[in-house]
Structures are given as C-alpha cells and as structure tokens.
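Open the model in your viewer and keep the sequence panel beside it. The stops below each begin with something to select.

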Amino acid sequence: MGRLVTLYIIALIISILCLASCSSGNDNGSDEQRPLIGFSQCGMDTKWRTTMTLRYQSNAIMSKLDLRFTDGELRNENQINDIRDSLLPMNPKILMVSPNESEALTGVIGEVYKSGTPVIVIDRKTNDTNYTCFIGASNFLIGSFAADFVNENAKDGATILEMFGSRGN
C-alpha cells in the first residue's frame, strides 16, 4: 500500500509542477504568492485517504505550493458544494478531486474542466473524459489479473467469493 501511495504522490507532484510552470508568471522580481492548488477529498474515512492527504499537504509545502483541502465526509452533495462554493472561488491553478462516487461527481468535474481550470482526478475516474489527467489504477485490469491467478491456482471444488467496492464506483 505504501508503494502505491508513493507512486500517486510522485505522479501528482510531476503533474502539478508541469501545470504550475505554465503560469503566466511575473518576471519583474516581485514576490509572488505560491500557486494555489485545490484538493477535494471524498472523505477521511480510512488510513489510506488520511495518509494520502497528509502526504499531499507536506509535499505541497516542500514544493512551495499552497494546497487547500476539503473533506466531503463521504457525501456527494458535500463534495460538490465544496468544489463549487469553497475551492473554485479561490481560483486555483489546478483542482484535484478524489470522487466519492464517479457518476455523482462527473458533472461538476466536467464544469470545472470546461471552464479552463485543469482537473486531476485521483483514484476513481468519472463517467466521461472531461478532466486533464487521471491518476489511479485500472480496476478492470487488476480484476483480470486476479481472475487469471485464481484460474491457474485454485483447486477443483474451491469456493470463490466475489467482493464489491463502494456503491456507485
């Protein structure tokens, strides 16, 4: 799990630095504010999400970025309102979103992307491609690998249990 979080962070930092370097910039020697990054986290319900958020925050500080974070508390409505009412009015250079449910967040993510703000979708893809980039795994590919492994290694008469993740994802 730690390796996956580290890969997410590396990909995220590279994406942020690439997008932030495209700013209109002011080369007159004046002190500029740190680039503002908005991050809408679906919830802080697990150690994995808490660790992800804390690492993003510490890496943002080291990279001289201003990361503003919201916690949707696993409620689609909260996350949509956080994006519209809290993060967008700050005019972030980039919006990062870890959707609570793919379908529910597709619309607002698409609106932000179409308005010209780069959007990085993390962990769960939306139902369309109206975002700048996606950082996450292919659950289909992982499932395919798991099925191949079970097919090759399960003994005759083995009981197989299929598990599902959160509803709507």
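Buried is used here for under 20% relative accessible area, exposed for over 50%, and partly exposed for values in between (1.4 Å probe, protein chains only). This is a predicted model, in which local features need pLDDT of at least 70, side-chain atom pairs count only at pLDDT 80 or more, and totals for chains, interfaces and linings use all residues. Residues are numbered from 1 along each chain as its sequence is written, and side-chain values use heavy atoms, with hydrogens and water left out.

**Stop 1: Phe39**

Select Phe39. With a relative accessibility of 0%, Phe39 counts as buried. Show what surrounds it, taking contact to mean heavy atoms within 4.5 Å. Neighbours within four places in sequence aside, Phe39 is in contact with residues including Met52, Thr53, Tyr56, Leu67, Phe69, Met96 and Ile122.

Now select the rings. Rings of Phe, Tyr and Trp (its six-membered ring) pair if their centres lie within 6.5 Å; planes under 30 degrees apart are stacked, over 60 edge-to-face, and the rest tilted. How many aromatic pairs does the structure hold? There are two. In one of them, the ring centres of Phe39 and Phe69 are 6.3 Å apart and the planes meet at 40°, so this pair is tilted. Phe39 belongs to strand 1 and Phe69 to strand 2 (residues 66–71), so the pair ties together parts 30 residues apart in sequence. Helices (H or I, at least four residues) and strands (E, at least two) are DSSP runs, numbered from the N terminus. Phe69 is partly exposed, at 29% relative accessible area.

**Stop 2: the nonpolar cores**

A nonpolar core is a set of buried Ala, Val, Leu, Ile, Met, Phe, Trp, Tyr and Cys residues joined through side-chain atoms within 4.5 Å. In soluble globular proteins, nonpolar side chains tend to be buried together.

Select Phe39, Tyr56, Leu67, Met96 and Ile122. These are the residues that touch the most other members of the largest nonpolar core, which has 13 residues. Two or more residues of this core come from each of strand 1 (36–41), helix 2 (47–62), strand 3 (94–98) and strand 4 (119–122). Which element gives the most to this core? Helix 2 does, with four residues.

Then select Leu87, Val97, Leu105 and Val121. They are among the 12 residues of a second, separate core.

**Stop 3: salt bridges**

A salt bridge is a side-chain nitrogen of Lys or Arg within 4 Å of a carboxyl oxygen of Asp or Glu. A search of the whole structure finds four. Three of them are visited here.

- Select Arg49 and Asp123. Their side chains form a salt bridge at 2.6 Å, N to O. Arg49 is in helix 2 and Asp123 in the loop between strand 4 and strand 5 (133–135), 74 residues apart. Are these two residues buried or exposed? Both Arg49 and Asp123 are buried.
- Select Arg84 and Glu111. The salt bridge between their side chains is 2.8 Å, N to O. It links helix 3 (residues 76–87), which holds Arg84, with helix 4 (residues 102–114), which holds Glu111, across 27 residues. Arg84 is partly exposed at 39% relative accessible area, and Glu111 is partly exposed at 42%.
- Select Asp66 and Arg68. The closest N and O atoms of this salt bridge are 3.0 Å apart. Asp66 counts as buried, at 17% relative accessibility, whereas Arg68 is partly exposed at 37%.

**Stop 4: Asn100**

Select Asn100, in the loop between strand 3 and helix 4. Asn100 counts as buried at 9% relative accessibility. A polar contact is a pair of N or O atoms within 3.5 Å; within protein, one must be able to donate a hydrogen and the other to accept it, and residues adjacent in sequence count only if both atoms are side-chain atoms. The side chain of Asn100 makes such a contact with the side chain of Asn76, at 2.9 Å. A polar atom of the Asn100 side chain also lies 3.2 Å from the backbone oxygen of Leu74.

**Stop 5: two loop residues**

Select Lys64, in the loop between helix 2 and strand 2. Lys64 is not a glycine, yet has a positive phi of about 60°. Lys64 is exposed, at 60% relative accessible area.

Finish at Asn91, in the loop between helix 3 and strand 3. Asn91, again not a glycine, has a positive phi of about 55°. At 62% relative accessibility, Asn91 counts as exposed.
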